[in-house]
Amino acid sequence: NSILLITICYVILMAIQLTLISLLNSLAVEYMNLGIAMNYGLARGISSIAYAVTSYGLGIILNYYSGNILLPIFLVFYVLFIVSIIIFKVNTSSITLPHKEKANDIEQDQAQGLLSFFKRYKKFAVLLIGITMVYYSHNIINTYFINIVENVGGNSSDMGIAIAIGATLELPVMAIFILLVKKVKCSTLLKFSSFFFFIKCGVVWLAPNILMVYISQLLQMFAF
């Protein structure tokens with residue numbers, strides 16, 4: 001019955017969840033930098049499909065049970081997540097270590113500290129601010145999605161369908177990303193992505209009914 005305790009627990013849980021996503025992304029990039037062959041886009045796309053199926057299923061379940069059922073379900077998922085990490089192995093014989101000069105540069109950047117790093121890479125700092133704003137707006141929609149859906153006459157089942165639409169459409173784009181990034185500059189892809197995140201937010205904001213919310217989720221394919 002303590003709002004303060006619930007708030008503290010929620011903030012900690014969200015911090016852990018968002019940190020896990022960043023950790024997995026960083027590991028993927030690090031493995032590719034070490035020469036391990038991996039299609040990150042395809043792996044990320046498969047996770048989107050899993051997310052879509054789960055969201056759709058939970059949306060239906062919530063029509064019959066209270067929101068309290070989510071906690072034990074999430075606990076089971078996190079236990080499976082921990083187990084998958086424990087059994088995950090990397091074939092170190094296939095790893096190509098970075099050049100000594102590159103390793104020294106990385107160590108030097110790490111030793112400088114965050115403030116010094118941003119002073120040295122000013123444009124990168126601006127890029128991070130921009131990405132933070134995009135992700136912030138995206139998270140706001142996801143956090144209050146049930147309120148948005150209910151405001152246009154929908155329910156938890158409709159929300160599950162909407163999330164499933166967006167997540168499913170991420171797969172084809174992410175699967176071909178490894179080819180796309182070879183033909184289009186990363187800066188162009190980031191601008192394209194940011195533009196469609198902006199359009200998606202606008203459609204959600206102006207949506208008069210659940211159909212328009214579904215349409216906004218279609219744009220997630222271009223945003224991602």
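The legends below describe close-up views of a predicted model.

Local features are given where pLDDT is at least 70 and side-chain atom pairs where it is 80 or more, while totals for chains, interfaces and linings use all residues. Residues are numbered from 1 along each chain as its sequence is written, and side-chain values use heavy atoms, with hydrogens and water left out.

**View 1**
Leu171 lies in helix H8, which spans residues 156-175; helices here are DSSP runs (H or I, at least four residues) numbered from the N terminus. Leaving aside residues up to four places away in sequence, Leu171 touches Leu42, Gly45, Ile46 and Ile49, where contact means heavy atoms within 4.5 Å. The C-alpha atoms of Leu171 and Ile49 are 6.8 Å apart, although the two residues are separated by 122 residues along the chain. Leu171 has a relative accessibility of 23% and therefore counts as partly exposed (buried is under 20% relative accessible area, exposed over 50%, partly exposed in between; 1.4 Å probe, protein chains only).

**View 2. Packing of helices H8 and H11.**
The axes of H8 and H11 (residues 210-218) are 8 Å apart and meet at an angle of about 20°. Axes are lines fitted to C-alpha atoms, for helices over the stretch in contact, and angles run from 0 to 180 degrees between N-to-C directions. H8 and H11 are therefore roughly parallel, a term for angles under 35 degrees. On the H8 side the contact consists of Asp158, Ile161, Ala162, Ile163, Ile165, Gly166 and Leu169, and on the H11 side of Ile210, Val213, Tyr214, Gln217 and Leu218. The residues of this contact divide into nine nonpolar, two polar and one charged (Ala, Val, Leu, Ile, Met, Phe, Trp, Tyr, Cys and Pro count as nonpolar, Asp, Glu, Lys and Arg as charged, and the others, Gly among them, as polar).

**View 3. Aromatic pairs.**
The count comes to seven aromatic pairs, with rings of Phe, Tyr and Trp (its six-membered ring) paired if their centres lie within 6.5 Å. Phe117 and Phe118 form an edge-to-face pair, 5.9 Å centre to centre with 65° between the planes; edge-to-face applies to planes over 60 degrees apart. Phe117 is partly exposed at 22% relative accessibility, and Phe118 is partly exposed at 27%. Another edge-to-face pair joins Phe195 and Phe196, with 5.3 Å centre to centre and 85° between the planes. Phe195 is partly exposed at 46%, whereas Phe196 is buried at 16%. Ring pairs also link Phe117, Phe118, Tyr121 and Phe124 into a cluster.

Definitions and conventions: Helices (H or I, at least four residues) and strands (E, at least two) are DSSP runs, numbered from the N terminus. Rings of Phe, Tyr and Trp (its six-membered ring) pair if their centres lie within 6.5 Å; planes under 30 degrees apart count as stacked, over 60 as edge-to-face and the rest as tilted. Angles under 35 degrees count as roughly parallel, over 145 as roughly antiparallel, 65 to 115 as roughly perpendicular and the rest as oblique.
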